[in-house]
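Have the sequence and the model open as you read.

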Amino acid sequence: MSATATAPAAGAGRRTIAVMVLIPTVVALALWAFAWPAARTAPRDLPIGVAGPATAATAVERGLDRHEGAFEVHRYEDGAAARAAIENRDVYGAVVVTPGGTELLTASAASPVVAGLLREAVTAQAPEGTTIPVTDVVAAPSGDPRGAVLASSLLPLALAGAAAGAVTTLLGLRGTRAVAALSGAAALAGLVGAALADTWLGALGGNWWAEAGLLALTVLAIGSALAGLAALIGKPGLGLGAFLMILLGNPFSGIASAPELLPTAVGALGQLLPPGAAGSALRSVSSFDGAAAGGPILVLALWAVAGLTAILLGGRVRRAEPATPRVPEPAPTPTPVG
């Protein structure tokens, strides 16, 4: 067999082996990213308030401390202060001790999973036969009482942003044209997303335009990150961006439960990626009048600015690169006749 025939066969063999190795690797990474955090769900320094007379509040705090490392207890003077802390998203709930008994304050809008967890933890340490009244200070929207719609909406948002970045890159848009395309696509995606999640599904209950703007910023942050990476390092940047935003960002976001229920490093990393920041900000804007939304919005804005800057820099670098002169192919040698 000639060398020219062997080369394509060897190349095809390497590509076959690469596919055989790549697919199981991706499956392993996906299982690790999605299944491992879910299998390790448990409270870790979950902020919770305790209010009431010092002696009674201390007894409640000691009961919570039995769950080692589970709760981060904040003390408040009375029930009003505890309610304010919940509404400001300083804590997920609070145990209020009064002369009339003990009451649990929760906020299902912050996380239905955490609200249920607090109910179980506080009820477990109450004397047998005692009923602990529960007040949902900030209830989840009526259209999404379990938070399932909100959690399910995050992946489509991430996919929309990734698609916008990929399409912009593959269509060859560069510089200001890419920025304009991504900005326009993100704005329209935000309007469509708010129309579906708020107006139609009723899964959001805040200011409509604020929700639309936040959804648009989320799509822009993710899309510009992918396109920016591609502008700097080429098409492999699309794969790296998809890995960060979808394979890591979505399962590490904590939107289905809470960041404090994930392994500590995972929950912290998730809030620094656009999907996690978007989930936290969306809860704040939708149900808490924007309380504690500043940090997550800043994260989204930084990703968007960094991505758009990378797109513009990548476009300038490409324009500055000297064109490679085309070497003409040698004319074929005429075959002698006869």
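Strand S1 (residues 46-51) runs parallel to strand S2 (residues 71-76), and six bridges pair them. This is a predicted model, where local features need pLDDT of at least 70, side-chain atom pairs count only at pLDDT 80 or more, and totals for chains, interfaces and linings use all residues. Residues are numbered from 1 along each chain as its sequence is written, and side-chain values use heavy atoms, with hydrogens and water left out. Strands (E, at least two residues) and helices (H or I, at least four) are DSSP runs numbered from the N terminus, and two strands pair if DSSP finds at least two bridges between them.

Here are the pairings:

| Strands | Sense | Bridges | Opposite residues |
|---|---|---|---|
| S1 and S2 | parallel | six | Ile-48 and Val-73 |
| S3 (residues 93-98) and S4 (residues 101-106) | antiparallel | six | Ala-94 and Leu-105 |

A two-residue hairpin links S3 to S4. From S4, the chain goes through helix H4 (residues 112-124) to S5 in a right-handed β-α-β crossover. S1, helix H2 (residues 54-65) and S2 form a right-handed β-α-β unit too. Right-handed means the path from the first strand over the helix to the second runs clockwise, with the strands pointing away from the viewer.

Now for a helix pair. The axes of H7 (residues 208-233) and H10 (residues 274-287) come within 10 Å and cross at roughly 175°, which makes H7 roughly antiparallel to H10 (over 145 degrees).

Terms used. Axes fitted to C-alpha atoms, helices over the stretch in contact; angles between N-to-C directions. Parallel < 35°, antiparallel > 145°, perpendicular 65-115°, else oblique.
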